[in-house]
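This report covers strands, sheets, salt bridges and surface. Please look through the model first.

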Amino acid sequence: MEASGKFICRQRQVVLFFVLLGLSQAGMEPRRYSVVEETEGSSFVTNLAKDLGLGQRELSKRGARVISKGNKLHLKLDRETGDLLLNEKLDREELCGHTDPCVLRFQVLLENPLQFFQAELQVIDINDHSPVFVDRDMLLKISESSPPGTTFPLKNAQDVDVGRNNIETYIISPNSYFRVLTRKSSDGSRYPELVLDKALDREQEPELRLTLTAQDGGSPPRSGIAQINIEVVDINDNAPEFEQSLYRVKIPEDSPIGFLIVTVSATDADIGVNGEISYSLFQASEEICKTFEINSMTGEIRLKKQLDFERIQFYEVNIEARDSGSFSGKCTVLTQVLDVNDNAPEITMSAFTRHIPENSPEAMVAVLSVSDLDSEENGKINCTIQADLPFLLKSSLENFYTLVTERPLDRESQAEYNITITVTDLGTPRLKTQLNITVKVSDVNDNAPAFSQTTYTLRVRENNSPALHIGSVSATDRDSGANAQVTYSLLPPADPQLPLASLVSINADNGQLFALRSLDYEALRAFEFGVRAADRGSPALSSQARVRVLVLDDNDNAPFVLYPPQNGSAPCTELVPRAAEAGYLVTKVVAVDGDSGQNAWLSYQLLKATEPGLFGVWAHNGEVRTARLLSERDAVKHRLVVLVKDNGEPPRSASVTLHVLLVDGFSQPYLPLPEVAAAEARADPLTVYLVVALASVSSLFLFSVLVFVAVRLCRRSRAASAGRCSAPEGRFPGHLVDVSGAGTLSQSYQYEVCLRGGSGTSEFKFLKPNVPNFQGHSPGPEIEENANFRNDFGFSIQ
């Protein structure tokens, strides 16, 4: 396989330079070599290296080979020694028949560079065949009245050898009456004529038996014999005579069987039986007998077999006219076969390169020879290919053509060419032969991968799962095979701070992009990077594209309340005068959301209230205002739960609790003592214990004990509460509470507070503040919504 690949590679390098070298040899006389027929195969003919003036190993380097018409090689070339050897034993008679000299033409083709040499091999005849008479027994009837000197034509012998090895002479056996003459016909063959030297006497010798010997001129000579039986007949002194001794006719080779060629005519001066003439073929060879037939009565000669100009161009037909006696006459019909255009041209491919690399400036595709068995105009040939192909057909030697590329080929434009080589002769009608060959353009890596887009924009929602497929990039390469196999890779980011390797990865085979970890919109909203697509050619070609990844926000952050602060300290209490009008601004709930877009659109609503309908919350700004005028019947303390909700899907929310205290005026209030607060705190666990005890009693005894203990503890608690306040509505003098700017108040106040005993509601009664001339509303807090904050406030998130 390696050697074959090198040979194909050498063929591809045969370009116009080599063709010109071949053309320079076109006018040289062919070299002639000779070999004796029947020489054994592999016999030495000549040394081509010496004859061509080349070095012994140059033939091998230049890829020398011998080609001949029809690709039938009778010779072979030893490239290492330069010897030209017989490929097989040659039989001259089989190769050339009667043609002399027997010359076989061949060409010597040298590649790298391309060069042709014409040569001829003459096969020399040897005397390997003896003369043979077609009719080994001849009968002659000769009138006794025949005068001396009369000649009698005899049937000749045939010898397939030529030249001196053909028949040279005829010899008759010794006798008293006859001798034989050796005649030469127009085609060069020799035939015998019997000459009467002495008048015959039927009464003395009624018949003669002679031996005719045909001898060739070989060394040693070969011979063949035939017997001649001569009957001496009574007087019939007139032989038939033809009107012409020589007839010349021309007949087209496509004449049909039975076609009338000519009619010969002979007359006999005798009368009666001796004047009746019959015609026959005389000394006809096997070929003539197969081709022609004659009507014995009329002398019409007709075709018996189809003629073939390319095989035989002339026929010499001898006709004999014989009367009923022993006399006969002879004439010759020379038949010339006319050529008709009945053979289509033939194409012989000597070299062919199926794969041509693209972008090659000029490459050899094929070397071919054409031929036509017809002659003259019928044998002249035109060789063409389609005009719309990037190929040229150049004539190098006689009837040799080289098919080359006209310009560099582009596989991406067309990967395959179907070339039809048409050979047409100039005969009438014109015949043509077509040869279809397919040339494939082999790929060269001359196209870089091309992305379908120069910039890709991908969108991925935050909080994605790791290894999520977020999109793909795609590039195509117009080349084929390994040159079109695209691999993808990430380019180093322009921002060295971007941890691209931990964010995304790319599938090298198909360009699919994957998010390696969960993305956070609040931390990274978008990032950009480059991708490269490279083919696997040599050298590799690549291209680049930009990818921008947009992180889509998800509603993963609940609203965060900035005001009122929820830090686990004492709740902030907002004071509202009872004289406040409807729409009075109590406070403003301020909240933010870490998301964006509609996920950060906040709405406010009042979730719970001690007294529904008294307060309202504006949905868009969080302002808490009074919904109506306050009355004396409204409770002093109010607990409001405000719900802050975003507009995400699903929505997230947070709630904040507001404490609102209704006051008659801003006088010094009496706040509850610490002991009172502690007593109230203890009352709540007792109730819980009671409930738990009632629910968990499993026996009557345990139930009685728990009830007894609960009653005792409850009585003690009430007695202690009664001792701390002597009058139902008595005051607790000296207990002053300082309120330093708590809640929405911006100044410090002192209140005198009295706890109404026995009320069970732990109500405060505000008497008067130490600033009697307070006017206006308490200003609300001014807080930056975008301020930094910690999530250490005590608030509930739903």
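## Terms and basis

A salt bridge is a side-chain nitrogen of Lys or Arg within 4 Å of a carboxyl oxygen of Asp or Glu. This is a predicted model, in which local features need pLDDT of at least 70 and side-chain atom pairs count only at pLDDT 80 or more, while totals for chains, interfaces and linings use all residues. Residues are numbered from 1 along each chain as its sequence is written, and side-chain values use heavy atoms, with hydrogens and water left out.

## Salt bridges

The salt-bridge count is 18. One of them links D135 to K155, with the closest N and O atoms 3.0 Å apart. D135 sits in the loop between β8 (132–133) and β9, and K155 in the loop between β10 (151–153) and β11 (157–158), so the pair ties together parts that are 20 residues apart in sequence. Burial here follows relative accessible area: buried is under 20%, exposed is over 50%, and partly exposed is in between (1.4 Å probe, protein chains only). D135 is partly exposed at 27%. K155 is also partly exposed, at 31%.

R311 pairs with E287, the closest N and O atoms being 3.1 Å apart. R311 lies in the loop between β23 (300–303) and β24 (314–323), and E287 in helix α6 (residues 286–291), so this bridge ties together parts that are 24 residues apart in sequence. R311 is exposed, at 51% relative accessibility. Another bridge joins R628 and D634, again with the closest N and O atoms 3.1 Å apart. R628 is partly exposed at 28%, whereas D634 is buried at 5%. Shared partners also join E287, K305 and R311 into one salt-bridge network.

## Overall make-up

The protein has nine helices and 55 strands. These are DSSP runs numbered from the N terminus: helices are H or I with at least four residues, strands are E with at least two. Of the 798 residues, 41% are buried.

How far apart in sequence are the residues joined by contacts? A contact means heavy atoms within 4.5 Å. Among contacts between residues at least 6 apart in sequence, 68% join residues at least 24 apart.

## Two open sheets

Two strands pair if DSSP finds at least two bridges between them. V531 stands opposite A545 in β42.

Another open sheet of four strands has the order β27-β33-β32-β29, also with mixed pairing. Here β27 (355–357) and β29 (381–384) are the edge strands, each with a single partner, so one side of each has no neighbour in the sheet. The twist averages 25° from one strand to the next. Strands β32 (residues 416–425) and β33 (residues 432–442) pair in the antiparallel sense over nine bridges. Y417 faces V439 in β33.

## Pairing around β16

Strand β16 (residues 223–233) pairs with β9 (residues 137–143) in the parallel sense over seven bridges. L140 stands opposite I230 in β16. With β15 (residues 207–216), β16 pairs in the antiparallel sense over nine bridges. There, T211 stands opposite Q227 in β16. A hairpin of six residues joins β15 to β16.

## A buried alanine

Buried or exposed: which is A366? At 0% relative accessibility, A366 is buried. A366 belongs to strand β28 (residues 364–371). Leaving aside residues up to four places away in sequence, A366 touches M349, A351, F352, Y401, T402 and L403. Its C-alpha atom is 8.7 Å from that of R354, twelve residues apart along the chain.

## Surface

The accessible surface comes to about 42000 Å², of which 51% belongs to carbon and sulfur atoms. Areas come from the Shrake-Rupley method with a 1.4 Å probe; for residues, only the protein chains shown count as cover.

L700, F703, V707 and V711 make a nonpolar surface patch of about 330 Å². Patches are made of residues with over 30% relative accessible area and no salt bridge; like charges are joined within 9 Å, nonpolar side chains (Val, Leu, Ile, Met, Phe, Trp, Tyr) within 5 Å. L700 is found in helix α9 (residues 700–724). L700 is exposed, with a relative accessible area of 68%.

Technical notes
Axes fitted to C-alpha atoms, helices over the stretch in contact; angles between N-to-C directions.
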